[in-house]
Amino acid sequence: MDTRVMSALAEPNRLMIVELLRERPLTVGEIAERLELRQPQASKHLRVLSESGLVKAQVDANRRIYSLQPAPFQELDEWLKTYRVIWEERFDRLDDYLQKLQDPETGEESQD
C-alpha cells in the first residue's frame, strides 16, 4: 500500500474532493466553489492528490478537468480485503454465539 495515498486521503479537504470526483470529473473552479475554498487552495490539494496518483488532470483549453484514477483505489481495496476477512470471521463467530443464546434447545440460557 502506497503511503502517499493514505496520507493524501487523511486530509479532510482532499477526501471531500475525492468524494466530489466520484460523481463526475470537475474543474478546479467547480471544486473550489462546491467546497467553498479559494482556487489556489483547491489547486494545492489537487496537486497532492495528483502526485499520489489518485486523480489526473485533462487539459481543455485553459481549464484543467480532474477525474479519479482507479488504480490506487483498487490497491486500497485489496489491502482492506485482508481486514474484511478478519471482520467477517468475527461477525460469523458473534452470529453463532447470538444464535446459541436464542436457541432454547442448546441448553444455553438467555441473558435477558
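Glutamate 51 lies in helix α4, where helices (H or I, at least four residues) and strands (E, at least two) are DSSP runs, numbered from the N terminus. The model is predicted; local features need pLDDT of at least 70, side-chain atom pairs count only at pLDDT 80 or more, and totals for chains, interfaces and linings use all residues. Residues are numbered from 1 along each chain as its sequence is written, and side-chain values use heavy atoms, with hydrogens and water left out. Glutamate 51 has a relative accessible area of 53% and is therefore exposed (buried means under 20% relative accessible area, exposed over 50%, partly exposed in between, with a 1.4 Å probe and protein chains only). Its C-alpha atom is 9.1 Å from that of alanine 8, although 43 residues separate glutamate 51 and alanine 8 in sequence.

The strands form an open sheet of 3 members in the order β1-β3-β2, with antiparallel pairing. Because β1 and β2 stand at the edges and have a single partner strand each, one side of each lacks a neighbour in the sheet. Pairing is assigned if DSSP finds at least two bridges between two strands. Strands of a sheet pair through backbone hydrogen bonds, either parallel or antiparallel. Strand β1 (residues 26-27) is joined to strand β3 (residues 63-68) in the antiparallel sense by 2 bridges, and threonine 27 is placed opposite isoleucine 65 of β3. Strand β2 (residues 55-60) is also antiparallel to β3, over 6 bridges; here valine 59 stands opposite arginine 64 of β3.

Threonine 27, in strand β1, is buried at a relative accessible area of 12%. When residues up to four places away in sequence are not counted, threonine 27 touches Arg63, Arg64 and Ile65, contact meaning heavy atoms within 4.5 Å.

A hairpin is formed by β2 and β3, with 2 residues between them. Alanine 61 is found in the loop between these strands, β2 and β3, and its phi is near 60 degrees, a positive value in a residue other than glycine. The relative accessible area of alanine 61 is 72%, so this residue is exposed. A positive phi also occurs at glutamate 36, near 55 degrees, again in a residue other than glycine. Glutamate 36 belongs to the loop between α3 and α4 (39-51) and is exposed, with a relative accessible area of 73%. Most residues other than glycine have a negative phi.

Helix α2 (residues 12-23) lies across β1, β2 and β3 and runs at about 90 degrees to β3. Axes are lines fitted to C-alpha atoms, for helices over the stretch in contact, and angles run from 0 to 180 degrees between N-to-C directions. Leucine 21, in helix α2, is buried at 5% relative accessibility. Not counting residues up to four places away in sequence, leucine 21 touches Leu26, Ile31, Val55, Tyr66 and Leu68. The C-alpha atoms of leucine 21 and tyrosine 66 are separated by 7.6 Å, with the two residues 45 apart along the chain.

Helix α2 also meets helix α3 (residues 28-35): the two axes come within 11 Å and cross at roughly 115 degrees. The crossing of α2 with α3 is right-handed (left-handed if the near helix is turned anticlockwise from the far one by less than a right angle, right-handed if clockwise). On the α2 side the contact involves Asn13, Met16, Ile17, Leu20, Leu21 and Glu23, and on the α3 side Ile31, Arg34 and Leu35. These residues of the contact between α2 and α3 divide into 6 nonpolar, 1 polar and 2 charged. In this division Ala, Val, Leu, Ile, Met, Phe, Trp, Tyr, Cys and Pro count as nonpolar, Asp, Glu, Lys and Arg as charged, and the others, Gly among them, as polar.

The structure holds 1 aromatic pair. The ring centres of tryptophan 79 and tyrosine 83 are 5.2 Å apart and the planes stand at 65 degrees, so the pair is edge-to-face. Rings of Phe, Tyr and Trp (its six-membered ring) pair if their centres lie within 6.5 Å; planes under 30 degrees apart count as stacked, over 60 as edge-to-face and the rest as tilted. Tryptophan 79 and tyrosine 83 are 4 residues apart in helix α5 (residues 70-102), and are therefore separated by about one helical turn. Tryptophan 79 is partly exposed, at 32% relative accessibility, and tyrosine 83 is partly exposed at 37%.
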